[in-house]
Amino acid sequence: MNLNQIRTQIKNITDYSPDLQAYSNQLDELINNAYYSLWRSKRWTFAQKQTFINAYPDISSDRVVVPPALPIAAAINDGQRLVTFSNAVWVLERHKDVYEGNIIELLGREYTIVKIIDETQLVVSEPIRITDPTTPSVNDFSWVVKARFYPLPEDCVEILSLAHRDIPVGNGGDGRILPPYGKLTGLLPRHDELLGLREDYASSYAEAYVPIPPLNLPPAETLTITYGDFGGPTDIPNSEYYEICWSFMSPEGQTSALSESVITQIQNGQNTTQMQINFLTFDGKPVQNPNAGLYNSGPGTLRQWEGLRKVLWYNANFDHITGERLGLPMWRQVINGIYTAAPSLNANTQDEPKTAEDTDASITIQYVDSFRSGTKKYKEYDGQHLRVRPYPRIDAWDYEYDESTTTAVVPPRIEDYFRRLELRYLLKPEPLLIATDVPQMPYEFHSLIVYGALEDIYNKNGNLSLAKVYADKIARLMKQLEKRYVDRTDMLLQKGQFGVSNRRFIYDQQSLKNKSL
């Protein structure tokens, strides 16, 4: 059943079906509450997702050189936070989502990278200290950038498996050669601290992973929209309505809770007027990093909103002619887009999210293609995102891909080298927002969502006897669902072995016979 069919069945059972959008919206909220309650009750097999995480090696002056093999220096100043490289370090700029929020070691001390400005400059979270007061400026050739922490996918609720597997990319490009390790062991942070595991220890493969405190982002607040000629062409249709909001984006690329939304109508004619989004707090102050790029002056400490970019979202469940919502808002990401009157393929930027830097208080939308359908959907994130630390830190890669020139018909080929981990996790489902949305669960148990919503409706109306009827129906049907779709922990049983030891079982990879017997 899709959302419209679930909604219709509930109206038929309750014998109450007013043709009111407000009532349908309230019903959709109850349906989603029942859906989420069912989803989080067990580790369902249908609630899992499999993907890959790329683990990146250290970047150092020895590994990133300029022909003919000239090492790259990191110019630093005592008491300042700006690091300037003597030549381009492309992999840093191309993988901001990996290295922003991670570690750089300068003169034997580690600093957190807050922001990568471009391929030659980055900013750290605290003033850099130089031990020799007679040399306030130093060219450091011993710098090392370390990918110690990895953010998990935004929809990840719990890790089920994280492993080195014998996939071709992720094992030297040859799937016939087994890696030295399989599944990584999950270690509790307290256990990691009790064992005193070396935090800076690096190796070719990881043996375990340690969950670290999650990343918490502040919620966005509000915005205003102004119109004017800010330069360049525009093709946004005149008089159309749009509903827009925004969120913060962390250095790792994770999103915060959304701001208040604003419904606006395009003004003053096509090809001359553009839409400017102004990011504000609730008391009308601009949301802007006050450093404005001057990281070599000022108090030298981390400033408010530093490193937090801003991204835009638009309501795709919306009538752009009348300016009315068609149901609960479905927020999709606003992208850079292209000028449809003179289209040209730009493989670098056209599909990327419309992003304002931390130093920007506003951003301009020029193209109707920025509101392209099918872009990333917002999943009601609360700004808390999970992260892990592989142990040991993975300092190896399988292949190195060189930087190559992008043309109008050739997509970008960036400098890249990594080792791949396979991740299986419990995911957070997408909410049911438009009439054709279907729950991400077996169709034969969609009635559980109907029963859950009905139980809430009758409890709300004070009809406790009918509420109990549907609670009993849920309990009976849940037993069938659990019997068929609950992910159970596998148990390894060894006949005749009752002792406890730390020895691992060794299997013949062709026959899966136990070779340790």
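Reader: Which residues is Asn 32 in contact with, leaving aside neighbours within four places in sequence?
Author: Leu 328, Pro 431 and Leu 432, where contact means heavy atoms within 4.5 Å. This is a predicted model, in which local features need pLDDT of at least 70, side-chain atom pairs count only at pLDDT 80 or more, and totals for chains, interfaces and linings use all residues. Residues are numbered from 1 along each chain as its sequence is written, and side-chain values use heavy atoms, with hydrogens and water left out.

Reader: Is Asn 32 buried or exposed?
Author: Asn 32 is buried, with a relative accessible area of 6%. Buried means under 20%, exposed over 50% and partly exposed in between, with a 1.4 Å probe and protein chains only.

Reader: Where is Asn 32 found?
Author: In helix α2. Helices are DSSP runs of H or I with at least four residues, strands are runs of E with at least two, and both are numbered from the N terminus.

Reader: Switching to Glu 154. Where does it lie?
Author: In the loop between β12 (150-151) and β13 (156-163). Glu 154 is buried too, at a relative accessible area of 15%.

Reader: What does the side chain of Glu 154 make a polar contact with?
Author: The side chain of Lys 376, at 2.6 Å. A polar contact is a pair of N or O atoms within 3.5 Å; within protein, one must be able to donate a hydrogen and the other to accept it, and residues adjacent in sequence count only if both atoms are side-chain atoms.

Reader: And how far is the C-alpha of Glu 154 from that of Lys 428?
Author: They are separated by 8.7 Å, though the two residues are 274 residues apart along the chain.
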